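Here's a quick tour of a two-chain model, starting with what goes on between the chains. Have the structure open as you read.

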Amino acid sequence: MKVRVLVRPKAGILDPQGEAVRSALPALGFGGVQTVHVGRLIELELESADEVDAMCRRLLSNPTIEEYEWEVLS
Amino acid sequence: MRIGVTVFPGSNCDRDALYAVERLGAEPVELWHADPDLKGVDAVIVPGGFSYGDYLRPGAIARFARVMGPLERFAEEGGPVIGVCNGFQVLTEAHLLPGALLRNTSMRFVCDRVRVRVETNATPWTAALAPGDELTLPVAHNEGNFFADPETLARLEDEERVVLRYLENPNGSANDIAGVCNEGRNVVGVMPHPERVSDPALGSDEGLRLLRSVLVGAGV
């Protein structure tokens, strides 16, 4: 099965990467963007999704600064 | 005294750290990432660099290297451990130190010399210094912006676990924090590089003032 994990900075945590992207968009003529958050997309192919949550907590995300969600794709 | 220096793929300050240990008059011991034990060392330096290419997050992969098991036990038993720069990141990922190191607010890699103030000498790595002492140390990092939630930050301050503080904050770090220690005070993490200033030929040997502490601080 395929699982897609999305990791992003927790709400309220400074996201300098997102901020840099946000400030670059107007330079290209894209207006009206209030906030940008940059996260990480991880796709896994595995036998069972039983341990995906543990994988997210122990390695794929750092719970101190990031939150995650995941879904089974197929 | 024997001081170990861990070597992960992508560590790049390990030689500097081994040299600094030699300059202290202690015996440097290389600890390979796949080593099953710490070869009986009395203290450990986790050096800077880009362990495992900083893939995923700085320090995230190194944390699961084989040598980290014995290192975690050594730390839990009170053994003196210092993580420098990427080593600091590794120790936070391993939950041996609180908080995390975020991207610098400037979004730029900082490579500079900074002044820091010693905030506590109640750690094996600052025992030879006095609170209020100032040191000039090199910094070189992209993720040095120390972050902890407000409760953790308040606790670190209350328990005097901020070890070094920047006089001029180079990276946006909370409360100007350049280094912290764990609850047991034996594990320290610092972003500045004391091992890079270990010889007047390198411009300064001020880093030895800090590292020398472990010779007395470890009580060995």
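## Across the interface

Between chain B and chain A the rule finds one salt bridge, meaning a side-chain nitrogen of Lys or Arg within 4 Å of a carboxyl oxygen of Asp or Glu. Glu66(A) and Arg57(B) form a salt bridge through their side chains, at 3.8 Å, N to O.

The contact (heavy atoms within 4.5 Å) draws 15 residues from chain B and 15 residues from chain A. About 1,300 Å² is buried between the two, with carbon and sulfur atoms giving 69%; that's the accessible area (1.4 Å probe) the two parts lose on being put together, summed over both. On the chain B side, Leu56(B), Arg57(B) and Met107(B) lose the most area to chain A, together 38% of what that side buries.

## Inside the cores

The largest nonpolar core has 66 residues, and Val44(B), Val81(B), Phe146(B) and Leu164(B) touch the most other members. Such a core is a set of buried Ala, Val, Leu, Ile, Met, Phe, Trp, Tyr and Cys residues joined through side-chain atoms within 4.5 Å, where buried is under 20% relative accessible area (1.4 Å probe, protein chains only). A second, separate core of ten residues includes Val5(A), Leu44(A), Cys56(A) and Leu60(A).

## How to read this

This is a predicted model: local features need pLDDT of at least 70, side-chain atom pairs count only at pLDDT 80 or more, and totals for chains, interfaces and linings use all residues. Residues are numbered from 1 along each chain as its sequence is written, chains are lettered from A and ligands numbered from 1 in the order written, and side-chain values use heavy atoms, leaving out hydrogens and water.

Key
Buried < 20%, exposed > 50% of the residue type's maximum accessible area, 1.4 Å probe, protein only.
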